[in-house]
Amino acid sequence: MGMAQTRTRVSRLARPTIGIDIGGTKVAAGVVDAEGTIVERTRRETPSKSKSPRVVEDTIADIVAELGARHHVLAVGIGAAGFVDGTQSSVLFAPHLAWRNEPLRDAVQRRVGLPVVVDNDANAALWAECRFGAAQGESHVVCVNLGTGIGGGVVLDGVLHRGRFGVAGEFGHMIVVPGGHRCECGNRGCWEQYASGNVLVREARELVLNGSPVAYRIAETCEGDPSRITGPMISALAAQGDPAALELLEDIGHWLGVGLANLAAAFDPGLFVIGGGVSDVGDLLLQPARTTFRRTLTGRGFRPEAKVVRAALGNDAGLIGAADLARRERSRRRDRAKLVTTRLLLPRRRDVGGNGTPIQRRVKRAGGTGTAIEPTRYTASAWRRGGA
Ligand SMILES: [Zn+2]
């Protein structure tokens, strides 16, 4: 490929993309540049579950029209809370929306006249953390998002793994306590019944309902009405040092650690990134999680341990990741590459040791097939930030 041709391709792909994160209550969207910076943002209410799928498409088309009027965008990436099929074109099921096997990608593409990419919101958030956030420079990453439930995603060897049918990463429904609390999914003892924002609220309400004297600050704060207790309320009390709130977070942290040890047994990541609203309390949650993780980890004492860190991009991760995935998909298609996955560009790691995966060489191969958009710059900066 000649220099002139390279320059044309790079400038084309340097155009911003739109990222749209469709959550349970709001649709957050933004124009994102090639560095992962949000240039402009907008938001809408998520249409109610009773509305037809068409209404969600209207919302998306409206957002693209608004942002596209001011920016010369390349593509649109959508991160949706729900099951996205293996071909990344349909939403099989979304808990908060009327989507049942909804062919979202093609429907939106027809309406907005731009290439569209659809992914699960947790995958999009993980991708953003790998490219621009807490997981830069790490090749094997598992993310766990503690919201109302637990969502997650897996990057192995620099590749986002969506599973054969597109629904990998539903860690929240791994059973950690056989016969335990009933879960919305119909089973009992799912992980998200022990470590999520909902659990924090459920346990705090129970303390107040039982008139437990340890919960007097919580009872005072919700003015004796347990239905007014929220996750952020408990987090704020914990930050002020309230022992009952701290204890509740410690319990959740403990169960988080149990699940992370299970995930380490399955995936052996180098890094766990913990996101979602509950993670805002930082070490009040992560410290007990790390303690239990170490105590529960298979082969502890005889193996390197994954680090457990808080996500860096907060609520913006989903839209930044969706936008970046759209950019990558675009570059891949242009080069007619047969590669089905999106691979991260990673610095060479000398500590890989025994299984000695030559990541650098793979990056170059991937570059040949078109995923390497900005190899030299990204590799160098990730290397620095990785602190190796
Ligand atoms: Zn479940």
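Tutor: Let us begin with a definition: axes are lines fitted to C-alpha atoms, for helices over the stretch in contact, and angles run from 0 to 180 degrees between N-to-C directions. Helices (H or I, at least four residues) and strands (E, at least two) are DSSP runs, numbered from the N terminus. This is a predicted model, in which local features need pLDDT of at least 70, side-chain atom pairs count only at pLDDT 80 or more, and totals for chains, interfaces and linings use all residues. Residues are numbered from 1 along each chain as its sequence is written.

Student: At what angle do the axes of H2 and H3 cross?

Tutor: Two packed helices are described by the angle between their axes and the distance between the axes. Here the axes of H2 and H3 cross at roughly 40 degrees and come within 10 Å. H2 is therefore oblique to H3 (under 35 degrees is roughly parallel, over 145 roughly antiparallel, 65 to 115 roughly perpendicular, and the rest oblique). The contact (C-beta atoms, placed from the backbone, within 7 Å) joins Glu-57, Ile-60, Ala-61 and Val-64 of H2 to Ala-107, Val-108, Arg-111 and Val-112 of H3.

Student: Which residues of H3 are buried, and which are exposed?

Tutor: A residue is buried if 20 or more other C-beta atoms lie within 10 Å of its own, exposed if 12 or fewer, and partly exposed in between, with C-beta atoms placed from the backbone. In H3 (residues 104-112), Leu-104, Arg-105, Val-108 and Val-112 are buried. Seen down the axis of H3, these buried residues fall within an arc of 95 degrees, so they line one face of the helix (the arc is that of the directions from the helix axis to the C-beta atoms). On the other side of H3, Asp-106 and Arg-110 are exposed. The cover over the buried residues of H3 includes helix H2 (53-68) and strand S4 (76-80).

Student: Why is H4 described as largely enclosed?

Tutor: 12 of the 12 residues of H4 are buried, so H4 is largely enclosed by the rest of the structure. Among them are Trp-127, Glu-129 and Phe-132.

Student: How do H7 and H8 pack?

Tutor: Helix H7 (residues 231-239) and helix H8 (residues 243-267) pack at about 115 degrees, with their axes 7 Å apart. H7 is therefore roughly perpendicular to H8. Ile-234, Leu-237 and Ala-238 in H7 meet Ala-245, Leu-246, Leu-248 and Leu-249 in H8.

Methods
Two residues are in contact if their C-beta atoms, placed from the backbone, lie within 7 Å.
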